Amino acid sequence: MYSHSIQVLGLPLTFKSEAEPERMARVCALIEDRFARLFQNEGSVSKEKLLVFLSLSLADDILHLQDERVRTDMKLQEFLGNIEKVAG
């Protein structure tokens, strides 16, 4: 378990996690990048709206990746089935 003291979007956070420090640095960079893309033309945004928009954006990415994984798994099963037919 690692202890982390980080700053994300100007907010200091301290917590423990299984994530290695290098991975947490990548996570913070992802959040900062997503924030910059979502709010580059916006004025001030409340922290609540900010967190909701960032959460929605990241949740959408997760759902997209889950759907992509299901499609990839189906293609792999089809491919393996074809190999078994040829080999059998």
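Trainee: Why is Leu50 called buried?
Mentor: Its relative accessible area is 10%. Buried means under 20%, exposed over 50%, and partly exposed in between, with a 1.4 Å probe and protein chains only as cover. Leu50 is under the 20% limit, so the word is buried.

Trainee: What kind of model are we reading?
Mentor: This is a predicted model, with residues numbered from 1 along each chain as its sequence is written. Local features need pLDDT of at least 70, side-chain atom pairs count only at pLDDT 80 or more, totals for chains, interfaces and linings use all residues, and side-chain values use heavy atoms, without hydrogens or water.

Trainee: Where does Leu50 lie, and what does it touch?
Mentor: Leu50 is part of helix 2. Helices here are DSSP runs of H or I, at least four residues, numbered from the N terminus. Leaving out residues up to four places away in sequence, Leu50 touches Leu9, Phe35, Phe39 and Val45. Contact means heavy atoms within 4.5 Å. Take Phe35: 15 residues separate it from Leu50 along the chain, and their C-alpha atoms are 8.0 Å apart.

Trainee: How do you know how helix 1 and helix 2 are oriented?
Mentor: Two packed helices are described by the angle between their axes and the distance between the axes. Helix 1 spans residues 21-39, and helix 2 spans residues 47-87. Their axes come within 10 Å and cross at roughly 110 degrees. That makes helix 1 roughly perpendicular to helix 2, because that term covers 65 to 115 degrees. Each axis is a line fitted to C-alpha atoms over the stretch in contact, and angles run from 0 to 180 degrees between N-to-C directions.

Trainee: Which residues of the two helices meet?
Mentor: From helix 1, Leu30, Ile31, Arg34, Phe35, Leu38 and Phe39. From helix 2, Leu50, Phe53, Leu54, Ser57, Leu58 and Asp61.

Trainee: What makes Asp61 and Arg34 a salt bridge?
Mentor: The N to O distance between their side chains is 2.6 Å. A salt bridge needs a side-chain nitrogen of Lys or Arg within 4 Å of a carboxyl oxygen of Asp or Glu, so the pair qualifies. The pair links distant parts of the chain: Asp61 sits in helix 2 and Arg34 in helix 1, 27 residues apart.

Trainee: Are the two partners buried or partly exposed?
Mentor: Arg34, at 8% relative accessibility, is buried. Asp61, at 29%, is partly exposed. Beyond its neighbours within four places in sequence, Arg34 contacts Leu54, Ser57, Leu58 and Asp61.

Trainee: How many salt bridges does the structure hold?
Mentor: There are 3. Arg37 pairs with Asp33, with 3.3 Å between the closest N and O atoms. They are 4 residues apart in helix 1, so about one helical turn separates them. Arg69 pairs with Asp73 at 3.7 Å, N to O. These are also 4 residues apart, in helix 2, again about one helical turn. Arg69 is exposed at 59%, while Asp73 is partly exposed at 35%.

Trainee: What makes up the nonpolar surface patch?
Mentor: Leu38, Val52, Phe53 and Leu56 make the patch, about 360 Å². Helix 2 gives the most, with 3 residues.

Definitions and conventions. Patches are made of residues with over 30% relative accessible area and no salt bridge: like charges are joined within 9 Å, nonpolar side chains (Val, Leu, Ile, Met, Phe, Trp, Tyr) within 5 Å. Accessible areas come from the Shrake-Rupley method with a 1.4 Å probe; for residues, only the protein chains shown count as cover. Angles under 35 degrees count as roughly parallel, over 145 as roughly antiparallel, 65 to 115 as roughly perpendicular and the rest as oblique.
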